[in-house]
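Please keep both in view while reading.

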Amino acid sequence: MNKKKAMHLAKISLKADIDNNFKVIHIDPSVSPENKIISRKVIINDIIELIDFCHEYSQKRNKKIFFEIGTEEPSCFTGTTNELKDLVDEIITRLSLSKLPNPLFCVLQTGTRVKELSNIGDLNNLKLIKKNFLKINKISNICKNNNLMLKQHNTDYLKYKILKQLPKL
């Protein structure tokens, strides 16, 4: 499937979400229909295009929606914290220049990874707890500085000691 077709199908799906009263729309253009790595510039452009499309469509339908941006796959959202800061800053700036709403959430990789019935990510390793919490704190601050809330994926099967600490970060 080519990109044009993939974006067309994504927009059909997003319309259905809005029509069915979804309140938070997840925008994640990080997976290529051709299974290729997508550049940061293309991902940002696609995020802006999809938010613009959804915002305009929801306005016509008189529906109040919010957005979350991010990825479940490794992409430009999964680099260093400095790269992440630059990426989020650029997205927020582009949205502002386009007079589009900021996302409510940023969905980010925080060291979790579920495989079958366990979490095999680094976050679940108690030996690395200080290092992992330091990274999550940095990621959380990037979100806070852009008036976003951090949304974490794959918290299934995390150790209780770790789960208990996450809201404090």
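What follows treats the overall fold and then moves to individual residues.

**Overall architecture**

The model is a predicted one, and every value given here should be read with that in mind. The protein contains five helices and six strands, and when these are followed along the sequence they come in the order α-β-α-β-α-β-β-β-α-β-α. The C-alpha trace extends over about 50 × 35 × 30 Å along its principal axes. The radius of gyration of the protein is 17 Å, which agrees with the value near 15 Å that a compact globule of 169 residues would have.

Of the 169 residues, 37% are buried, and the accessible surface of the protein amounts to about 10,300 Å², with 52% of that area belonging to carbon and sulfur atoms. When contacts between residues at least 6 apart in sequence are considered, 74% of them join residues that are at least 24 apart.

**Cysteines**

How many disulfides does a search of the whole structure find? The search finds zero, and the distances between sulfur atoms show why for two of the cysteines, given that a disulfide requires a pair of cysteine sulfur atoms within 2.5 Å. For Cys 54, the closest cysteine sulfur is that of Cys 106, and at 17 Å the two are too far apart for a bond. For Cys 143, the closest cysteine sulfur also belongs to Cys 106, and the separation of 4.6 Å is again too far for a bond. Cys 54 is buried, with a relative accessibility of 0%, and Cys 143 is likewise buried, with a relative accessible area of 1%.

Ser 58 is part of helix α2, which covers residues 40–60, and because its relative accessibility is 2%, Ser 58 counts as buried. Leaving aside residues up to four places away in sequence, Ser 58 touches Ile 18, Lys 63 and Ile 65.

Leu 9, by contrast, belongs to helix α1, which is formed by residues 3–19, and a relative accessibility of 35% makes Leu 9 partly exposed. Together with Met 1 and Ile 12, Leu 9 forms a nonpolar patch on the surface, and the accessible area of these three residues together is about 290 Å².

**Positive phi angles in loops**

Lys 99 has a positive phi, near 55 degrees, in a residue other than glycine, and Asn 154, which is not a glycine either, has a positive phi of about 60 degrees. Where do these residues lie in the chain? Lys 99 is found in the loop between α3 (81–97) and β3 (105–108), whereas Asn 154 is placed in the loop between β6 (149–152) and α5 (160–165).

**Accessibility of the residues discussed**

The table gathers the relative accessible areas of residues named above.

| Residue | Relative accessible area | Class |
|---|---|---|
| Cys 54 | 0% | buried |
| Cys 143 | 1% | buried |
| Ser 58 | 2% | buried |
| Asn 154 | 32% | partly exposed |
| Leu 9 | 35% | partly exposed |
| Lys 99 | 72% | exposed |

Definitions and conventions
Residues numbered from 1 in each chain as written. Predicted model: local features only at pLDDT ≥ 70, side-chain atom pairs only at ≥ 80, totals over all residues. Heavy atoms only, no water. Patch = residues over 30% accessible without salt bridge, like charges linked within 9 Å, V, L, I, M, F, W, Y side chains within 5 Å. Areas by Shrake-Rupley, 256 points an atom, 1.4 Å probe, with all protein chains shown as cover. Salt bridge = Lys/Arg side-chain N within 4 Å of Asp/Glu carboxyl O. Helix = DSSP H or I, 4+ residues; strand = E, 2+ residues; numbered from the N terminus. Buried < 20%, exposed > 50% of the residue type's maximum accessible area, 1.4 Å probe, protein only. Contact = heavy atoms within 4.5 Å. Rg over C-alpha atoms; globule rule 2.2 N^0.38 Å.
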